Amino acid sequence: MYKKQLTFQKIVCLLAIISSVIVFIYSLGVMTDLYDSLYSTMMNPYDLTQTTVSGSIIYYDMQGFNQLFVKLAIVLILTGCFLFVTNTNIRRRYYIGNIFATILYVGANMGVAVWAHTQLEAYKAQFLTTVDFEALAAHAKLWKTVYTESTFWFDAHYVVFGITCVACVLLLINLFWKFSVMKAEKHLVDAGKGVAA
């Protein structure tokens, strides 16, 4: 039982840090389509009303969100690393540090997931309702730039944060399994001491 649980916790902690890295990579790429298709439509970065495509201001509207998202993704990687700093991946018995590291990871990742989801859904709605796609198609044809109506990068967050949520759930399952195994071990030790006495 202990060997299975120890193997499980190693895998789960590895998945946790991998999922944080995936969030970071996603945060770097989330604005790829917007940059490729809308950036060139802005005629004057100092006067955002000067554009060949109405609604293209979303590219600038998302800058603050994207910068914060990248920083938070780095924080998530650090919370994943903290699982390894506290030896949560290999420790036979969990102590306060291991419990704290697990709860910190789960709390931070779920918090960022909820925040990013609400922001990305709002920006997706703005993209679909305010961008003049006819003007964008004409701009792309004239200037040989990318034309897209795709919401792939907005929708990809479901997969990205789905992986994160799975990692969080598995970490919590691991924590409760660890408590159960530790309790069973204590019971066996106490029984052994009782027989020896």
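Is Lys 144 buried, partly exposed or exposed? The last of the figures below gives the answer.

This is a predicted model, in which local features need pLDDT of at least 70, side-chain atom pairs count only at pLDDT 80 or more, and totals for chains, interfaces and linings use all residues. Residues are numbered from 1 along each chain as its sequence is written, and side-chain values use heavy atoms, with hydrogens and water left out.

**Figure 1. The whole protein has 8 helices and 0 strands.** Helices (H or I, at least four residues) and strands (E, at least two) are DSSP runs, numbered from the N terminus. Read from the N terminus, the elements run α-α-α-α-α-α-α-α. The radius of gyration is 24 Å, well over the 16 Å that the globule rule gives for 197 residues, so the protein is more spread out than a compact globule. This radius is taken over C-alpha atoms, and the rule is 2.2 Å times the number of residues to the power 0.38. Along the principal axes, the C-alpha trace spans about 90 × 25 × 20 Å. Of the 197 residues, 38% count as buried. Buried means under 20% relative accessible area, exposed means over 50%, and partly exposed lies in between (1.4 Å probe, protein chains only). Take the contacts between residues at least 6 apart in sequence: 79% of them join residues at least 24 apart. Contact means heavy atoms within 4.5 Å.

**Figure 2. Helix α1 packs against helix α4.** Their axes come within 8 Å and cross at roughly 165°. That makes α1 roughly antiparallel to α4. Axes are lines fitted to C-alpha atoms, for helices over the stretch in contact, and angles run from 0 to 180 degrees between N-to-C directions. Angles under 35 degrees count as roughly parallel, over 145 as roughly antiparallel, 65 to 115 as roughly perpendicular and the rest as oblique. The crossing of α1 past α4 is left-handed. Left-handed means that the near helix is turned anticlockwise from the far one by less than a right angle; clockwise is right-handed. On the α1 side, the residues in contact include Leu 14, Ile 17, Val 21 and Phe 24. On the α4 side they include Phe 69, Ile 74, Ile 77 and Phe 84. The contact has 18 nonpolar, 4 polar and no charged residues. Here Ala, Val, Leu, Ile, Met, Phe, Trp, Tyr, Cys and Pro count as nonpolar, Asp, Glu, Lys and Arg as charged, and the others, Gly among them, as polar.

**Figure 3. Helix α5 meets α1.** Helix α1 covers residues 2-29 and helix α5 residues 96-130. They pack at an angle of about 25°, with their axes 12 Å apart. That makes α1 roughly parallel to α5. Ala 16, Ser 19, Ser 20 and Tyr 26 in α1 meet Tyr 105, Asn 109 and Leu 120 in α5. By class, these are 4 nonpolar, 3 polar and no charged residues. Ser 19 is buried, at 0% relative accessible area. Leaving out residues up to four places away in sequence, Ser 19 touches Tyr 105, Ile 163, Thr 164 and Ala 167.

**Figure 4. Helix α4 also packs against α5.** The two axes come within 9 Å and cross at roughly 160°. That makes α4 roughly antiparallel to α5. The contact holds 17 nonpolar, 5 polar and no charged residues. Helix α4 passes α5 in a left-handed crossing.

**Figure 5. Asn 87 and Asn 89 sit in the loop between α4 and α5.** Asn 89 is buried, with a relative accessible area of 12%. Beyond its neighbours within four places in sequence, Asn 89 is in contact with Leu 6, Gln 9, Lys 10, Cys 13, Leu 83 and Phe 84. Asn 87 is partly exposed at 28%. Most residues other than glycine have a negative phi. Asn 87 has a positive phi of about 60°, although it is not a glycine.

Figure 6. His 139 lies in helix α6 (residues 133-143). His 139 is buried, at 6% relative accessibility. Lys 144 lies in the loop between α6 and α7. Lys 144 counts as exposed, at 70% relative accessibility. Lys 144 is not a glycine, yet has a positive phi of about 55°.
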